[in-house]
Amino acid sequence: MSKKIVMIVVAMLTVFAMVLSACTPTAAPTEAPVVEQPTAAPIEPTKAPETPAEVPADDGKFTIGISNPFISSEYRTQMIAELIEVNAEYMAEGLTTELVIESADTDVAGQIQQLQNLMAKNVDAILVNPGDVNGLNATLEEALAKGIIVISVDQELNVPGVYNVGIDQKEWAKTSAKWLAETLGGKGDIVQIEGFPGHPANVARMEGVAEVLAGYPDIKVLATDTGKWDEATGQQVMSNFLAAYPALAGYWTQDGMAIGALQAVMAAAPAKYPVVVGEGRCQFLKLWEEVLKTDPEFKTIAVANPPGVSPTGLRIAVNMLMGKTVDTTKLGGVNGESFVIAVPWTVTNDNLAAALDVCKDKPDAYLLDGIMTNDEVLKTYFK
Amino acid sequence: MNVSLSAQNIVKHYGGVVALSDGNLEVQSGQVLALIGANGSGKSTLSKVINGVVVLDGGQLLLDQKPVHFSSPHAAIENGIATVFQELSLIPNMTVAENIWLTQEPRNILGIIKKKEVYQKTNELLALFEGTYKTKLNPDTPISALPADEKQIIEILKAIRLNPRILILDEATASLDSRQVQRLFKLVNQWKQEEKAIIFVSHRMEEIFQIADHYVVLRNGKSVGTGMIKDTNENELVKLMVDKTSVFSFKRQEKVKSLELKPICLKVKKLKTDVLQGIDFEVRQGELVGIGGLQGQGQRDLLLSLYGDISFTGDIQLFDEKVHFKHPHAAMKKGLALVPGDRAKEGLIYIRSILENLLLPSWRKYGTPLRMERSRKDALNVSNSLNLKMAGLQEPVSSLSGGNAQKVVIGKWLMRSPQLMLLDDPTKGVDVGTKAEFYSLLTRLCDEGKTILFYSSDDEELVGLCDRVLVLYDGQIRTELIDASLTKENLISASLGVVSEVTE
Amino acid sequence: MKKTTWNTLMARHPALFALILFVIIIIINAILQPGLFALETLNNNMRVFLPLLLLAVGQSIVMIGGGIDISVGGIASIINCVLATQVGLNGSMEDMWKFIFISLLAGVLAGAINGFFIAVLRLQPIITTYATGFIYAGFALFLLPNPGGGIPRAVADFYRTTTPFGLPLAFSVIAVIVLIWWYVRSTRFGRYLYAVGGKADAAYQTAVPVNWVVFSTYVISGLMAAFSGIAITMLSGSGNAEIGSGMTLNSITAAVIGGTAMSGGVGGVAGPIMGTITLGLMQNIVSFSGISTWWETLAKALIIVVALAAPGIINLFIREKK
């Protein structure tokens, strides 16, 4: 009996594998014009000169590697798609080759392997979205020692020689916190839903919020809980808060949790909506629009956390590779090597229409974004 | 190394079931004691108490006149009691040598096992059965690659390697051929010379009379007779094993003697599997035919091969059609139904509702588009006809008693109105009241023209219920009992391989 | 029920398939990445594989004994956090040694807790270690809520760049493991391990100390998880309470690819070692084959599914022919 079951399971696996492997080649052509074909071609030449001469890459073109250890989020998907798009511009100019992308769900050891593979492929610059604040340091230093330009995007690293490109998380949080405090008229009861406690970005953001609120002694934070940066958890936490504190004046939250929180409030259908902090995803903007229909007095703010910092980082890398000099006076951050990118969108009721216009032909998961143009990058950060 | 073992008033129950209520035996150096009894008489339990596999609930064990308590097989082995287990204590993935020497491997000072010595000593042990092996086994052959008889030999050698004072042979001859049995008996005689005490648990009368000196007969968990083998005969032993006081209360109605007029429903010729050695029989429509014999004589193989669940050779004719089912589904299509004995494993999905279980084999009938109302009505009819005691069809099967659960297994096949039902020990663990209901259901089904092949480990119900009983022994039909010859004594003596029929 | 030669071969040498796969993967990788055998590349790869390799060896031993340990990632995380918080980036070498020793004790203790629940209280291995895994991971988070801390740079550099005998450090570690394993297999304990995993009832009837053997497999697994935690700390040089969370499943995958049976009683140490390296090189192959980013995960998962199912599929075809 059990043998039969094993046989059936194995047979099913075989079929499953065959179906999937059949999918891969058939599906590839649809992808081909955009990504597949160019990838296959230019990678070969990059590898060919590996053995004879080390640097520089073929015909003076630059090869840029991407390392991303987490793929299960819209932010990362949008980031990768935009990187490919922006690199295509430089490829058309004959400046770069196809990107070498190492992107898969993996742990610290796996990302170290990603970086080592990029080095083995002789890339000229690495854009890394680090999955660990310190765990990659030694490996990144090895890359620096090979003369590779290393740029950490989205997450600030404190490694001498590694450049950071990203928004100022603290300032980002302060913007919405300040707006919340002022809209409340400096007084009222609020709650906070935070991301992963201990995650560097969350720590920086919550610090910013605390700094702002310190200036408004009449605003009382009744409770803080974690929504784990997850929409469903955010919704659940907010439902609990609403049950415990029915007369909330407002709340502060961030990222995807804001959608869940607002949905919880909508489910409770209050006569008067609290003043809430939102986020820059199209889905949130659409919910916002919907709430306005029932409560025209509804007030919220969406400060975009743009995946576009990564393609902006790519532009910075290309210009550095071309030998242009960075204006170090423009840099800041922990190690004085951070390119701080301005937040592209701060949406309130005043400019909601414009933001919704952007969302028109975009999926719900699309994040309001901004990628600096090459000229902007040159003007802002280079001499 | 003189040794004596005495078990006195041993009691053992598993949950609420009393397996042994008063087990007694005594054995000494140089003796072979035969431990005999019918199915479920408590032989296995008594030997498991002695070798420490189960812990006794009452009574005491005396080893060399001193009370002992074995809390594990380890304790029994320490005291020089080794066992050849019926279900074998071999590790399939390990080699012959590794199995034989497990826990007793010779080692050097670093604790490293001396492989050469093990190999050589294993060969010496294997030589005890030299000439009886069918495969070229050597100490490095994995157990899983061996046929059943050679596994049994390894199990015997493994016990002997311990050089025990007391050796329990639990059905050690069941899978051996006659040459191997004779070799074993030669060895047993040798061990008697070496002052070992041997407990020989067996069903085979001729072997008992060949090798044993003493006997203990168990019946319903009690020892009911003991003595010297030379002072008794097979018929006396069988009588001891048979319970006179019948608890079987069901009286079946006198059947109209019209079976001869009915067409032949099932005709089996030269049916062979790994276990079955060639079975021939016929069953007429409406007949209730019992299959008896000791457990593991091929009864299950017979039912499963008829049902297409295991592969076999031979001819099977269903009414006028020759069939050879390769899959249960093919058998189902031709109107066969198998009611398995292990309800929990093979018969029911306990966490699902009674309705779903009843419908399981019949979905096609009610499928595309789903006719739930129709199916509910049919299921309700079947459950009513079975007198199923339940809170509702939506209740999970786990809410039912054992007997009612077994009715669901039957019910799910009745939904398909089968021609031929194969019952695999269906009354195991069913309470007496439900059993009686069950019996009347079976007779009613036969009167309605269904044919039933009924294997049971309960001798009483075979005798009381069936029109005819086929007794299997060693994968063959030993005897066919019908009318006057269908008595419990005859059934048991045929089961034990006793040739002459007991007449009173 | 005749045994085919393939079946017998697989039964005698459970790592045979792992070896075949290992060789194939190495060849494919070497074709795609010509510099694979350069010392630096080799060392870079091996130092990344070593933490998982240690974990997979421990996992394999538990699985041979008939159990499974899904708390190993949690244990590795604890060790990482202990070292990162207690030694620190500027810690002394004495501290480093002291806390390596403490880490090993902690691993043994964590394994003993698992073993106690499973061998003594007779709880289900998968549920027990699932639960204790959460406790260990939670404890790691308690020790180090925010990623940070670290070990002296010199220690990390030692791990990353030492190449004794002109070979990666991991090779020496593997040699030591194989040597110890060879010894263990040659002792009674080795036999007990396979007996208990193969058929625990039969082993019990043969007077094998079943409980003790089961208990010890979890202790060994805890110890190996501690070694793994030390290795991953030396690789990353820093602390992160989440560091081991992804490693548990990978350790099981590596053990199974290495021919260790989930049902127990079959396997060894060479298998999971090859399994881990195979698993790691698969990542390289996917990376160097130039497959589109969006298909990378699927491609890797497919290779793993095929690797896991292949022995069964081969058996199926052999049976079909008969």
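This is a predicted model: local features need pLDDT of at least 70, side-chain atom pairs count only at pLDDT 80 or more; totals for chains, interfaces and linings use all residues.
Student: How do helix α4 and helix α11 of chain C pack, angle and axis distance?
Tutor: Residues 72-86 (α4) and 210-236 (α11) of chain C pack at an angle of about 50 degrees, with their axes 8 Å apart. Axes are lines fitted to C-alpha atoms, for helices over the stretch in contact, and angles run from 0 to 180 degrees between N-to-C directions. Helices (H or I, at least four residues) and strands (E, at least two) are DSSP runs, numbered from the N terminus.
Student: Is α4(C) oblique or parallel to α11(C)?
Tutor: That angle makes α4(C) oblique to α11(C); under 35 degrees counts as roughly parallel, over 145 as roughly antiparallel, 65 to 115 as roughly perpendicular, and the rest as oblique.
Student: Switching to chain B, where is B:T427?
Tutor: B:T427 sits in the loop between β17 (420-424) and α16 (432-447) of chain B.
Student: Buried or exposed?
Tutor: B:T427 is buried, at 4% relative accessibility. The cut-offs are under 20% relative accessible area for buried, over 50% for exposed, and partly exposed in between (1.4 Å probe, protein chains only).
Student: Which side chain does the B:T427 side chain make a polar contact with?
Tutor: B:E461, at 2.7 Å. A polar contact is a pair of N or O atoms within 3.5 Å; within protein, one must be able to donate a hydrogen and the other to accept it, and residues adjacent in sequence count only if both atoms are side-chain atoms.
Student: And B:T135, where's that one?
Tutor: In the loop between α4 (115-126) and α5 (148-161) of chain B. B:T135 is partly exposed, with a relative accessible area of 33%.
Student: What does B:T135 touch?
Tutor: Not counting residues up to four places away in sequence, B:T135 touches B:L146, B:P147 and B:E150, contact being heavy atoms within 4.5 Å. Its side chain also makes a polar contact with the side chain of B:E150, at 2.4 Å.
Student: How far apart are B:T135 and B:A145?
Tutor: They're 10 residues apart in sequence and 9.7 Å apart in space, C-alpha to C-alpha.

Conventions:
Residues are numbered from 1 along each chain as its sequence is written. Chains are lettered from A and ligands numbered from 1 in the order in which they are written. Side-chain values use heavy atoms; hydrogens and water are left out.
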